[in-house]
Amino acid sequence: MADRALARKVLQTEAAAILALVERVDERFDRAIELLRQCRGRVILTGMGKSGAICQKISATLSSTGTPSFFLHPAEAMHGDLGAIQGSDVVVALSYSGATDEIVSLIETIRRLGAKLIAITGNGRSALALAADVALDCSVTEEACPLNLVPTASTTAALAMGDALAMTLLAEKGFRQEDFASLHPGGKLGKTLMPVDALMHAGKHCPIVRADTGMRDVIYEMSSKGLGMACVVDGADALLGIITDGDLRRLMEKGGDIRSLAAADVMTRGPVSIPPSTLAAEALNIMEGRKITSIVVVDGGSRRVVGVVHVHDLWPADPF
């Protein structure tokens with residue numbers, strides 16, 4: 001059986017390391033956010049070993065939330081990649097000891113170029129901390145490793161501090177859902193945060209009939225567009241009602257010849273509709289709540305039909 005007590009101790013130690021950071025969100029954190037907010041270049045993350053892996057994640061989070069960022073391997077930097085650093089950049093360096101040779105070797109170049117330096121370290125008196133414009137304290141009382149050797153609690157704390165920086169910066173910049181969607185065009189997140197006018201069936205792909213359209217032509221329009229419904233509009237293309245496969249099925253079950261009817265005789269009046277700016281997630285919530293598979297998108301003022309969004313349009317094939 002696995003050593004559950006050890007596993008629980010690991011989680012408790014790492015949780016304690018993160019909670020200890022809460023009281024360290026002070027004026028130094030404010031200064032770091034100000035440097036990041038004022039950055040006119042890129043935010044460059046650098047660190048060796050496991051700190052480097054944490055840097056890559058922080059850099060990816062910054063990039064995905066509107067702050068241009070990349071990871072620079074400190075050893076590669078000393079062998080030709082220093083040209084990636086410009087004076088308008090902010091370098092965020094991770095080193096728990098603050099004395100990692102490859103990191104310390106970068107300090108002179110960073111200072112010569114005029115780039116700003118933020119240190120995330122466990123040693124506030126280290127060479128890295130003293131040389132930085134601001135040093136954030138990520139020290140831990142112990143690692144979660146039973147030998148107190150493997151970077152565990154310290155890397156978790158550094159990652160959490162990186163997330164705190166990224167999320168605070170996101171809010172400072174006024175980053176919105178729409179901005180997030182534009183940077184995540186693929187997968188579930190991208191689709192659900194898009195406005196429906198980016199996903200809807202519009203133009204010749206939107207099933208539209210007039211109030212006086214005969215049922216033969218209504219059925220053809222519904223079948224050819226493949227959405228299981230049709231919008232019924234007036235002469236100005238304003239929405240009057242909708243006809244669904246279910247409406248036709250119920251009508252035929254009652255008997256009688258539907259060929260003599262027009263769209264206005266069959267349609268459901270006053271259907272649910274949404275404006276083009278509605279987020280896909282909101283549209284999906286409406287459809288699930290009302291147990292419908294399609295929703296009409298209309299211009300807010302004229303009620304003119306501009307498209308139809310189907311529930312399948314909001315269910316991406318890949319989850320993320």
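The following paragraphs lead through a predicted model of a protein chain, from its overall form to single residues.

Residues are numbered from 1 along each chain as its sequence is written. Because this is a predicted model, local features need pLDDT of at least 70 and side-chain atom pairs count only at pLDDT 80 or more, while totals for chains, interfaces and linings use all residues, and side-chain values rest on heavy atoms, with hydrogens and water left out.

We begin with the whole chain. It has 13 helices and twelve strands, where helices (H or I, at least four residues) and strands (E, at least two) are DSSP runs, numbered from the N terminus. The radius of gyration of the chain is 29 Å, whereas a compact globule of 320 residues would have one near 20 Å; this radius is taken over C-alpha atoms, and the globule rule is 2.2 Å times the number of residues to the power 0.38. Taken along the principal axes, the box filled by the C-alpha atoms is roughly 90 × 55 × 35 Å.

Of the 320 residues, 43% count as buried, a word that here means under 20% relative accessible area, with exposed meaning over 50% and partly exposed in between (1.4 Å probe, protein chains only). Among contacts with a separation of 6 or more, 64% join residues 24 or more positions apart, and contact means heavy atoms within 4.5 Å.

What lies inside the chain? The largest nonpolar core has 30 residues, and V92, L94, I118 and I120 are those with the most contacts inside it; such a core is a set of buried Ala, Val, Leu, Ile, Met, Phe, Trp, Tyr and Cys residues joined through side-chain atoms within 4.5 Å. At least two residues of this core come from each of α2 (27-38), β1 (43-47), α3 (49-64), β3 (90-94), β4 (116-121), β5 (134-137) and α7 (153-172), and α7 gives the largest share, seven residues. Apart from this core lies another one, of 17 residues, including I85, A93, L117 and A129. To see how I118 is surrounded, leave out residues up to four places away in sequence: I118 then touches A32, L35, L36, V90, V91, V92, A93, V134 and L136.

Helix α5 (residues 101-113) shows how a helix can be covered by other elements. Its buried residues include I103, L106, I107 and I110. An α-helix has 3.6 residues a turn, so residues three or four places apart point the same way. The buried residues of α5 pack against β1, α4 (74-77), β3, β4 and α6 (127-131), and just after α5 comes G114, with a positive phi of about 90°. From the side of α4, one can look at A77, which is placed in that helix and counts as buried at 1% relative accessibility. Beyond residues up to four places away in sequence, A77 touches L72, L82 and L106, and its C-alpha atom is 9.6 Å from that of S105, although 28 residues separate A77 and S105 in sequence.

Leaving aside neighbours within four places in sequence, C206 is in contact with H201, E221, K225, V305, G307 and V308. The C-alpha atoms of C206 and V305 are separated by 9.0 Å, while the two residues are 99 residues apart along the chain.

Two loop residues remain. Most residues other than glycine have a negative phi, and most peptide bonds are trans. D237, in the loop between β7 (229-233) and β8, has a positive phi near 65° without being a glycine, and it counts as partly exposed at 27% relative accessibility. R303, in the loop between β11 (294-298) and β12 (305-310), is not a glycine either and has a positive phi of about 65°; R303 counts as partly exposed at 33% relative accessibility.
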